[in-house]
Amino acid sequence: MTGAGWAALLQWSRLGLSAVVFLAAARVLSLDDLGRFAVCLTPIRLLQNALRIGFSEAFILGAERPADIRALTGLCLILGGAASACFLTVGLVLDMPLLVILSALPLLGAFGAVPEGQLRKRIDLRSLALRTVAAQALAAISAGLALWLGTGVYALAIFALTATAATSALALVAMPLRCAWPARQQLSNLWRCPAEIGVRDMLSSGLFPLAQMLVAGFFGLAAAGAFQIAVRLVQLTEALTLAPLRLSALPALRRAPQLLHATTEHTARIAFWAWPGLFVAAFDIALVAVGATHAEVVTPLLRALAPFGLFAALSMPWFQAMAASGRTGFLLCRSAGLLGASGAAIWISQDHTFLQACAGLSVVALIFWLGQSLIGNRAGWPTAHMPSIRVLLAPTVMLLGLTSLLVLDPSPLRLLALIGLGSLLYLAATKTAAIRPRLVVS
């Protein structure tokens, strides 16, 4: 397997297996329980990932001397311990046992942050991916056993704790931990890089966590649980369809910026198959994923978020081209603007329905996608290419063809039929659109 393949497996194992376990648990848990878990986990996971990515990439980019590596590890453990202590205190004060249990995640993750950076710096993606898969599999078995024993929502907490602890432990086996209390001068030199990277990660990945907290605050725990199910299905769709292309786009565009147009067209062909298909088959997907009890509530949300996934996917090539050209400052501002606009859309919808709040996220994604074509026309910036009109033929044919199957009762069999027929129609229309008529002069 190539490096890109191992990188894709690494991303899938972190996101995909977690989503599968959550969806399996959602079949037996109430929406209130799922919302309570999501509200407790979301801020902890956001900070935990910022610490992991910040310190692992800081090691890759800068730390060379053994003394600096030990100090960087020590600083990571200090911050992870402080974050865990803060969440523990909040959980005890507010009498939230689930938050108390999950509060250990930042500290557990901090133990593996710098060792992960060492593995990545050695470009040992195979070792990192296999260790992550093993940790996630162990956590899935533990959560399944806990569900079978009747622990309810705490089974999801067991999954999160086991996955994080096992990932850090396996990374430490490969790269033993060496840490030291950072001296004052070392501290002033070391903190800036992980802080900047961590803030960048929180901005770029904070949209759904922010939306999750606002939905819980404005619409209640049951709405937060339904929203979390829909988000997991959206993320799972993205991981299955676009994650490998996203991983390969950045190095390809860095080597050859002229590939942006071809990358945009290739991304559009995948996106216009996946997201309209998700829209049509939303009820069947929800039925298979979380059962009939929650499918009725989740389906409208999934359809409201499908355009968000489409426009986010279409924005990816230009986003990666901007990163490849070194314009990370602008991307940070764009991420902050997207966060602010998405939060405003949900805030405006608080006096209306929860479904309108989700639809507002898709409208924001559309505006930002259209806006990049204007911003990208500045001199020296990558030009944002819109997909050609011919690309729209295939999803139109697919959607029209699938309407004949919607008269059948929703079931796993109908889902397979929708996927099979939709894929065949999409492929046939794509091949037809690629044929260019020629004028023959005799």
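## Confidence by element

In this predicted model, helix 8 (residues 184–190) has the lowest mean pLDDT among the elements of the chain, at 65. Helix 4 (residues 97–102) has the highest, at 94. The chain as a whole averages a pLDDT of 83. Of the residues, 86% score at least 70.

Over residues 436–442, pLDDT stays under 50. For these residues the model has one contact beyond four places in sequence.

## Helix 13 against helix 15

Two packed helices are described by the angle between their axes and the distance between the axes. Helix 13 (residues 260–280) packs on helix 15 (residues 292–324) at about 170 degrees. Their axes lie 9 Å apart. Because of that angle, helix 13 is roughly antiparallel to helix 15.

Helix 13 contributes residues including Leu260, Thr263, Thr267, Ala271, Trp275 and Phe279 to the contact. From helix 15 come, among them, Leu302, Arg303, Ala306, Leu310, Ala313, Pro317 and Ala321. The contact residues divide into 17 nonpolar, four polar and one charged.

## Helix 10 and its end

Helix 10 spans residues 207–219, 13 residues in total. From first C-alpha to last, helix 10 reaches 17 Å, close to the 18 Å expected at 1.5 Å a residue.

The buried residues of helix 10 are Leu207, Phe208, Pro209, Ala211, Gln212, Val215 and Ala216. An α-helix has 3.6 residues a turn, so residues three or four places apart point the same way. Just after helix 10 comes Gly220, with a positive phi of about 100 degrees.

Terms used. Residues numbered from 1 in each chain as written. Predicted model: local features only at pLDDT ≥ 70, side-chain atom pairs only at ≥ 80, totals over all residues. Heavy atoms only, no water. Helix = DSSP H or I, 4+ residues; strand = E, 2+ residues; numbered from the N terminus. Expected span 1.5 Å × (residues − 1). Buried < 20%, exposed > 50% of the residue type's maximum accessible area, 1.4 Å probe, protein only. pLDDT = per-residue confidence, 0-100. Contact = heavy atoms within 4.5 Å. Axes fitted to C-alpha atoms, helices over the stretch in contact; angles between N-to-C directions. Parallel < 35°, antiparallel > 145°, perpendicular 65-115°, else oblique. Nonpolar A, V, L, I, M, F, W, Y, C, P; charged D, E, K, R; others polar.
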